[in-house]
Amino acid sequence: FENVRGLPQAYFSYGSFGNQVARSFLQMLRRLVLDGHNLIVDEVLCDIGTLQPHLKAFEGIEVIFVGVRRDLAEAEEIETLRGDRPEGLARGQISRVHALIPKYDLEVNTSCESIFNVADKILEFVARPHGQLVFDQMRQDFKKNNCLQEVPASSRAYGKVVIMNGMSSAGKTSIAKALQHE
C-alpha cells in the first residue's frame, strides 16, 4: 500500500502456519542456548505479536538487546540492490521497528559507523558485566500486566543471545563472525 505521501510501503505478517514455524524456530534457538551456544538473532520486532514469543522463548537466558538504526535512504538503496525485498519494505519497517521498544541495552547506527566499529561496540558490551538487561525488564513489565505467561525453566542457560532489532545488513555477518570468537 502507499503512505500519506503516495510512496509505496510494505509490511510482512504471518498466517497461522508462519506463526507455528516462528514458534518452532524460537524453541530451537532456546535449545541451542541451553546447550551452551552463543547466538546472534537478526530480527525485526515491530509489534507485540513478534515481541511476546521472544520474551517467552528466552526466559531465564541472558539477552542483550541491540537497536540497529540506519538512515531511510540507505535502507531503501540496500533494499533495491538486494532485489529480493518488496518495494517499500524499508519504509514500512523503519517507522515501526523501534516504536515498540522503549530502550535498548545498546544502540548502533550503521549509517554513521563502520560495521567493524559496530562489531567492536557490541563485543565490548557483551564482555562487560551488566545490571538488569532491557529484555528482562520488558518481560517483567509484561508479566506484571498479565500479558505474558511463565515459561517453565528447563535448565540453566550457558550461552548468550544478542538480538539485533532493526534493518538487516550484510555487515551483521561480520559481527556474527566476531562474536563467535567471544
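Guide: The mean pLDDT of the protein chain is 77, and 73% of its residues reach 70 or more. pLDDT is the predictor's confidence in each residue, from 0 to 100. This is a predicted model, where local features need pLDDT of at least 70, side-chain atom pairs count only at pLDDT 80 or more, and totals for chains, interfaces and linings use all residues. Residues are numbered from 1 along each chain as its sequence is written, and side-chain values use heavy atoms, leaving out hydrogens and water.

Visitor: Where is confidence lowest, and where is it highest?
Guide: Helix H7 (residues 172-180) is lowest, at a mean of 57, while E3 is highest, at 90. Helices (H or I, at least four residues) and strands (E, at least two) are DSSP runs, numbered from the N terminus.

Visitor: And which residues have pLDDT that stays under 50?
Guide: That's residues 150-158. Where pLDDT is low, the predicted coordinates should not be read in detail.

Visitor: OK, new topic. How many aromatic pairs are there?
Guide: A search of the whole structure turns up 2. Rings of Phe, Tyr and Trp (its six-membered ring) pair if their centres lie within 6.5 Å; planes under 30 degrees apart are stacked, over 60 edge-to-face, and the rest tilted. Phe65 and Tyr104 have ring centres 5.1 Å apart and planes at 55°, so that pair is tilted. Phe65 sits in strand E2 (residues 63-69) and Tyr104 in the loop between helix H4 (89-94) and strand E3 (106-109), 39 residues apart.

Visitor: Why is the pair of Phe65 and Phe135 edge-to-face?
Guide: Because the planes of those rings are at 70°, with the centres 5.1 Å apart. Phe135 is in helix H6 (residues 134-144), 70 residues from Phe65. Phe65, Tyr104 and Phe135 make one aromatic cluster.

Visitor: Is Phe65 buried or exposed?
Guide: Buried, and so is Phe135. Buried means under 20% relative accessible area, exposed over 50%, and partly exposed in between (1.4 Å probe, protein chains only). In E2, 6 of the 7 residues are buried, so it is largely enclosed by the rest of the structure.

Visitor: Which residues touch the most other members of the largest nonpolar core?
Guide: Leu51, Phe58, Phe65, Phe135 and Met138, out of 19 residues. The largest share of this core, 4 residues, comes from H6. A nonpolar core is a set of buried Ala, Val, Leu, Ile, Met, Phe, Trp, Tyr and Cys residues joined through side-chain atoms within 4.5 Å.

Key:
Contact means heavy atoms within 4.5 Å.
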